[in-house]
Amino acid sequence: MEFSLFAHMERQNADAPQEQLHEEFIELCKMADDAGMRAIWTGEHHGMDFTIAPNPLMSLVNLSYHTKNVRLGTGTVVAPFWHPIKLAGEAASADLMTGGRIELGVARGAYSYEYERLMPGMDAWEAGQRMREITPLLPKLWQGDCAHEGAFFQFPATTSAPKPVQPEGPPIWIAARDPNSHEFGVHNGFNIQVTPLWQGMEEIETLMGRFNDACDSYDGARPKIMLLHHTYVGTNDADVGQAAQELSCFYNYFGAWFQNKRPVRQGLIEELSETEMAANAMMSPQNMARDLTIGTAAQVSDRLKVIEDLGYDEFSFWIDNGMSFERKRASLARFIDDVMPKFH
């Protein structure tokens, strides 16, 4: 099982300047590259300081000048916000600028907050249908002279300009949860990204089962599957307990953004009270400690061995968590020094 880093600039209040967040993001990514991680993943989000990432391809091109070997992946682009010709061309351009290091994770998106601003009236079902029309067109556009007459897009024969450096184009990964999404990705020859979010081993096993079922019904080569999960490596039980508290807060805010009911000003959602967070039993610190990949180095290693045995090809260390930069950096350093060597 290989390892990667999933990271963004993020903030839950306006205390940290965004210039500082960018410098810290770069430093974490350089740590991942120096450690020999396979990839860095960064996604696409709009109008929300909770995840500051309006164009992942721009971020990845910039990262290519701060890193040497690591693959650079979108985790993920939100397909319905793109025209297929535009996405194919910009991904190929990023591949050219990075010397062939781009990988393209694609999703339908999740936040109605973003849908109502960028694609008013679009719901999750339509977003998924758009993703399913757009993604298979990308390799055809990279190959050249692709014409299309579909439900959402129609265009005459078009070739991506530029073409990507990688002969077959950047590897494509589909963010999948339900069985149909797994089947769509696998049957098109795409790799699969999954995340159980705040859920634990039962969901991790379920997601692998859906992937295996999709592979069993497909005659082509077995693609790869990556697990994205919040990770924290602590020094002792007290440190891990603090991380569980911080991740509980993070997921309370995640849920508030997802529900899209609270006011947002200057890209920041209305602050949650301690009472509101304490009332959310699903996101309790106890559940975070039980279900996320957090613990001491030995405990995290044991959890990862179980995940590796299930058949996951890659584990992505999700470092967005609302913690201070110092705590993020220290946790990642412990993961690099005390966990990764056990898997090489």
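**A friendly note on this predicted model**

1. Asn 260 counts as partly exposed, at 22% relative accessibility (buried means under 20% relative accessible area, exposed over 50%, partly exposed in between, with a 1.4 Å probe and protein chains only). Asn 260 sits in the loop between helix 9 (237-259) and strand 10 (264-265). Its phi is positive, about 60°, although Asn 260 is not a glycine.

2. A word on the basis. This is a predicted model, in which local features need pLDDT of at least 70 and side-chain atom pairs count only at pLDDT 80 or more, while totals for chains, interfaces and linings use all residues. Residues are numbered from 1 along each chain as its sequence is written, and side-chain values use heavy atoms, with hydrogens and water left out.

3. Now the whole chain. You will find 13 helices and 13 strands in it (DSSP runs numbered from the N terminus: helices are H or I, at least four residues, and strands are E, at least two). The radius of gyration is 20 Å, close to the 20 Å that the globule rule gives for 344 residues, so the chain is as compact as a globular protein of that length (the radius is taken over C-alpha atoms, and the rule is 2.2 Å times the number of residues to the power 0.38). Of the 344 residues, 57% count as buried.

4. Leu 197 is another residue to look at. Its phi is near 55°, a positive value in a residue other than glycine. Leu 197 belongs to the loop between strand 8 (191-194) and helix 8 (201-216), and is buried, with a relative accessible area of 16%.

5. Two peptide bonds deserve a look. The one from Gly 75 to Thr 76 is cis, with omega near 10°, and Thr 76 is part of strand 3 (residues 71-78). Another cis peptide bond joins Ala 161 and Pro 162, where omega is about 5°; Pro 162 is in the loop between strand 6 (154-158) and strand 7 (172-175).

6. Finally, please visit His 148 in strand 5 (residues 146-149). His 148 is buried, with a relative accessible area of 16%. Neighbours within four places in sequence aside, His 148 is in contact with Glu 133, Leu 137, Phe 153, Gln 154 and Phe 155 (contact means heavy atoms within 4.5 Å). The side chains of His 148 and Glu 133 make a polar contact at 2.8 Å (a pair of N or O atoms within 3.5 Å; within protein, one must be able to donate a hydrogen and the other to accept it, and residues adjacent in sequence count only if both atoms are side-chain atoms).
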